[in-house]
Amino acid sequence: MSDLGHVLVLAGGLSHERDVSLRSGRRVAEALREIGVDVTQRDADADLLATLAADPPDVVFPLLHGTQGEDGAIQEVLTLAGIPYVGSPPGACRQTFDKPVAKALVEKAGLATPPSAVLSQSTFRELGAAALLDAIVTKLGLPLVVKPARGGSSLGTSVVTDVAVLPSAMVECFAYGEAALIEHMIEGVEIAVSVVDTGDGPVALPPVEIVAESGTYDYHARYTAGATEYFVPARLSTDVAAMVAQAAVTSHRVLGLRDLSRTDMIVDGTGRPWLLDVNVAPGMTETSLLPQAVQAAGIGLGELARDLLVAATRRPGP
Amino acid sequence: MGQDPDATQRITAAAPATGSRLDAYVDRYATRTHGMTASEVRSLFAVASRPEVVSLAGGMPNISGLPLDIVGSLLSDLVSTRGQTALQYGSGQGDPGLREQICEVMQATGVRGHPDDVTVTVGSQQALDLVTRIFIDPGDVILAEAPSYVGALSTFRSYQADVVHVEMDDDGLVPERLREAITTVTASERRIKFLYTIPSFHNPAGVTLTPERRAEVLQICRDADVLIIEDDPYGLLGFDGAVPRAIRADGDDGVVYLGSFSKTFAPGFRVGWTLAPHAVREKLVLAAESSVLCPPAFSQLAVSQYLSAFDWRGQVKAFRELYRERRDAMLDALDDLMPDGTYWTRPNGGFYVWLTLPDGLDAKAMLPRAVTNRVAYVPGTAFYSDGFGSRSMRLSYCYPTPERIREGVRRLAQVVEQEMELRAAFGASSSSRRPGLDAPAPDQH
C-alpha cells in the first residue's frame, strides 16, 4: 500500500472513445504500479455508484474520454460522492468539452481561434441544408474542418477541400452528435501543449509537434504507432514556443481547469498560434501527446500521476 | 490538418530535433502489414461489447446450450486416461482417430473423404491461411462472393492477393457473373488461383447456393480450370434440418473443403480441417508444420472424445433450434419495424442477415449514431475488399436472446429513420468508398 491509500483508475465508459480510454487507464495504472502505488482499475458502468459507496477509494484518477468523462458528468458524480479526484471541476469540464463555448471563452482572453459556425442537426432538418451550406462556405471559405461540437480523438472530423463533399462530411459528423462545429482550416504546424499543475500553479510542458504521414492527424494517425512523426520539443523558435506555452496556460486558467489539460493549436506561417481544442482528460495511450511531453520534460508518467493524486487528496473538498 | 512546409521554416528553431514515430521498427515492416492499422470502426466495437448495447455485430457462437458438466467430465477423463498423448506434441497432419471421425461428420454433407486427405487445423481460419499461403503469390487473383467473409478477406490481403468479387443474389453466387469474372480476369492476363465460396448459410449474406447452381458453378470452374475453396462452417446448421450437399461431394479433386467444429461444438478448442487432393494435402501439412508444428493435441482429443462419447448430433439439433428461434425473432422484428426502402435476406440457417439500407445511406457513417443508440452491427464495407458495401450491414442473431434481438432491431430502426431524415435534408449520397476490414475481434459478441 502506498500512502495514497486506495487509488482507483476509472477507464472505459460508454462513449465512442471507450477503447482509447481503456488504453489510457491501463497505461496510467501501470505507471503508478511501477512506482509502488496500489491501484485498481475499473469501468464506469451501472455498478460504479454502488462500488464507490460500498468501498470508497481514497482518490480517483478518471481517464474517461468523450461524453461522461469530459463533459463534467463523472466529475459531478465524484463530487457528490465526496471522493477526491484528479482533474477539473464539473462546470469547467462542461464548458471546455463544448468546443464552441470554450472557443468563445478563450477568444475573450485574447487567443485566436479559427473563424467558425456552429449548427445543429435540427437546424438543417428544419431550414434545409443547401442555403445554409452555401452561406457557410461563403462566410468561412474553403478549406473547412467539420467536427462534432463535443467529442474527441478526431472522431467524426473531416477536412473539406471540395464543396461537393461538404454534405456527406456533415452527415458523418452528425452521426457523433447533435451539433457540428465548422471551422475555416488554418494551414500550419500542428502543436499540442500539455499543462500540469501539481500544486504550484499551471506549468506548460514542452510542446509536441505533430506531423501525420498522411497529412491528416485523424484517428488512424493518432492511434497507429508509426503513422505520425512527433517532434518534442516542437521545432519552434524560442519566441513562438513561449507563445504557445502561454496560450495553453491561459486556456487552462480561463476555462477554470485544474490539474492537467492539453491544448491543441495550429501555428500559422506568421508564427501565430490558433487554438483548436482544449482537452480536460488528455489521452494517455502509448501514442498520446501528453505522455510524450511528460517524458521530454524529464518526468516519469507514474511520478506525475502520483503527484496529481497527492494534490487531489490535499485540496479541500473534492 | 495540413502542414505548410514554408511555415515550418519561418518559425522553426535552428536545430530541429529528430522526430519520433513511437515505433522503432516502423521502416522494417513487410509490405503486407501496411493495412494493419487502428480503425475508428474497430474502436466502436469496444463499446458494443458492453451489456447496455445490443450487439448484432459479432459472430460468437452461442454455446449457452452446451452441457458443460458433461464436457467437463469428458475433459477430466481425457487427461486421466490419455493425458500422456493429449499433453504431448502430435502429428502435423492431425490425430488419425479424429481424422476418421471428421470423415464421418462430413458424410452429412455428402462428402466422402479419406482420413489421409484430411488435415486438422487450428480452426478453419488456419486452413484459410494455409491454403492461401501455398497458392498465392502477390498479385494473384482470388474470386470471392460479393460480399465475402471478412476473416478470409483479411487473410487474402495479408498474402497480397487481388480479390475480385462476384455478385450474389438470394440463391447465392450468380453463375453468369462468375463466368464473366473469369473471362474478364483471364483477358487481363492475370492468374486466377481459386474461387473462395461459402455456399451454405453464407457469412455475411445469409443466403444458400441452390443445388442447381452448385452443379453449374462446379462445371464453370472445371471448364476454366479454377480450383474451388469451399468453406462450410455452417452446413449442419440448416433450420429445416436438411444439410445442403457440399460442392465437394461432386467435385473431388477440383475442390478443397474447409470444415470447423467452432459452430457445431465450441470455438474454444480451435479445431477445423481441410479435405484436399493428395498433392495439395502434402503441401498443407508441410505449411502447417512450419506454422504451428502440429494442431493442439489436447483440443483434438477433446473433440474426438466428444464425438465418440456424446450425442453430438443431438447437440447440433439443439443448436439449430436455438439459432432458429433467434432468426425468427430477427426477421419478425425487421418485418415489423424497419422503414420502407430497407431490405434484407431471409436465411434458412447459420448466423447472419444481410441488410441493405435505403438509397443514399451509409452504414459505416451511421455506426456511431447506432452505438449512441446502444445497438451495433458490422458495416457492409468490411465484407468487400474494394470499398463497396457501404449501403449494407451484417446483422447477427446468434448470440443475443430473442428479446434483445427485437430490442436491438427497434433501436436500429430508429437510427435508420433519423439518418434518412438527415440525409434527406442534405441530399447527401452514400459517401464512403474507403476499403477497410473493420469487423469485431473474435471475442466480441
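Me: In this predicted model, how far apart do the C-alpha centres of domain 1 of chain A and domain 3 of chain A lie?
Reply: Those two C-alpha centres are 33 Å apart. The contact between the two domains takes eight residues from domain 1 of chain A and six residues from domain 3 of chain A. On the side of domain 1 that touches domain 3, one residue is nonpolar, four are polar and three are charged.

Me: Which stretches of chain A does the domain assignment give to each domain?
Reply: Domain 1 of chain A is 6-87, domain 2 is 95-111 + 187-311, and domain 3 is 116-184.

Me: Which domains does the assignment give for chain B?
Reply: Domain 1 of chain B covers 25-64 + 315-426, and domain 2 covers 88-309. Their C-alpha centres lie 25 Å apart.

Me: How many residues of domain 1 of chain B are in contact with domain 2 of chain B?
Reply: There are 29 residues of domain 1 in contact with 31 residues of domain 2. On the domain 1 side, helix H12 (312-337) and strand E11 (352-356) of chain B each supply at least two residues. H12(B) gives the most to that side, with six residues. By class, the domain 1 side has 14 nonpolar, nine polar and six charged residues.

Me: Now the two chains. How is the size of an interface often given?
Reply: It is often given as the accessible area lost when the parts come together. Here the description is by residues: the contact takes 53 residues from chain A and 42 residues from chain B.

Me: Which elements of chain A give two or more residues to the side that touches chain B?
Reply: Among them are helix H1 (18-34), helix H8 (166-174), helix H10 (238-254) and strand E12 (260-267) of chain A. The largest share of that side, six residues, comes from H8(A). The side of chain A that touches chain B has 27 nonpolar, 16 polar and 10 charged residues.

Me: How do I read the overall form of chain B, and why does its radius of gyration agree with a compact globule?
Reply: A compact globule of 445 residues would have a radius of gyration near 22 Å, and chain B has 23 Å, which agrees. Along the principal axes, the C-alpha atoms of chain B fill a box of roughly 75 × 60 × 50 Å. Its secondary structure comes to 14 helices and 14 strands. Of the 445 residues of chain B, 51% count as buried. Among contacts in chain B with a separation of 6 or more, 78% are between residues 24 or more positions apart.

Me: How do strands of a sheet pair?
Reply: They pair through backbone hydrogen bonds, either parallel or antiparallel. In chain B, strand E2 (residues 118-122) and E9(B) run antiparallel and are joined by five bridges. There B:Val118 stands opposite B:Leu275. Strand E8 (residues 255-260) of chain B also pairs with E9(B) in the antiparallel sense, over four bridges. In that pairing, B:Gly259 has B:Trp273 as its bridge partner.

Me: Where do the side chains of a regular strand point?
Reply: They alternate between the two faces of the sheet. In E9(B), B:Val271, B:Trp273 and B:Leu275 are on one side, with B:Gly272 and B:Thr274 on the other.

Me: Are the residues of strand E9 (residues 271-275) of chain B buried or exposed?
Reply: Five of its five residues are buried, and both faces of E9(B) are covered.

Me: What is the strand order in the open sheet of four strands in chain B?
Reply: The order is E10-E11-E14-E13, with antiparallel pairing. Strand E10 (343-344) and strand E13 (378-379) of chain B stand at the edges with a single partner strand each, so one side of each has no neighbour in the sheet. E11(B) and strand E14 (residues 392-396) of chain B pair over five bridges. B:Trp354 has B:Arg394 in E14(B) as its bridge partner.

Me: Which residues touch the most other members of the largest nonpolar core?
Reply: They are A:Val9, A:Val244, B:Leu143 and B:Ala376, in a core of 232 residues. Helix H14 (residues 402-426) of chain B provides the largest share of this core, nine residues.

Me: What does B:Leu143 touch, not counting residues up to four places away in sequence?
Reply: B:Leu143 touches B:Val164, B:Val166, B:Ala181, B:Ile192, B:Leu195 and B:Tyr196.

Definitions and conventions
Residues numbered from 1 in each chain as written. Chains lettered and ligands numbered in written order. Predicted model: local features only at pLDDT ≥ 70, side-chain atom pairs only at ≥ 80, totals over all residues. Contact = placed C-beta atoms within 7 Å. Nonpolar A, V, L, I, M, F, W, Y, C, P; charged D, E, K, R; others polar. Buried ≥ 20, exposed ≤ 12 C-beta atoms within 10 Å, placed from the backbone. Pairing = 2+ DSSP bridges. Domains from an automatic or database assignment. Rg over C-alpha atoms; globule rule 2.2 N^0.38 Å. Core = buried A, V, L, I, M, F, W, Y, C linked by C-beta atoms within 7 Å.
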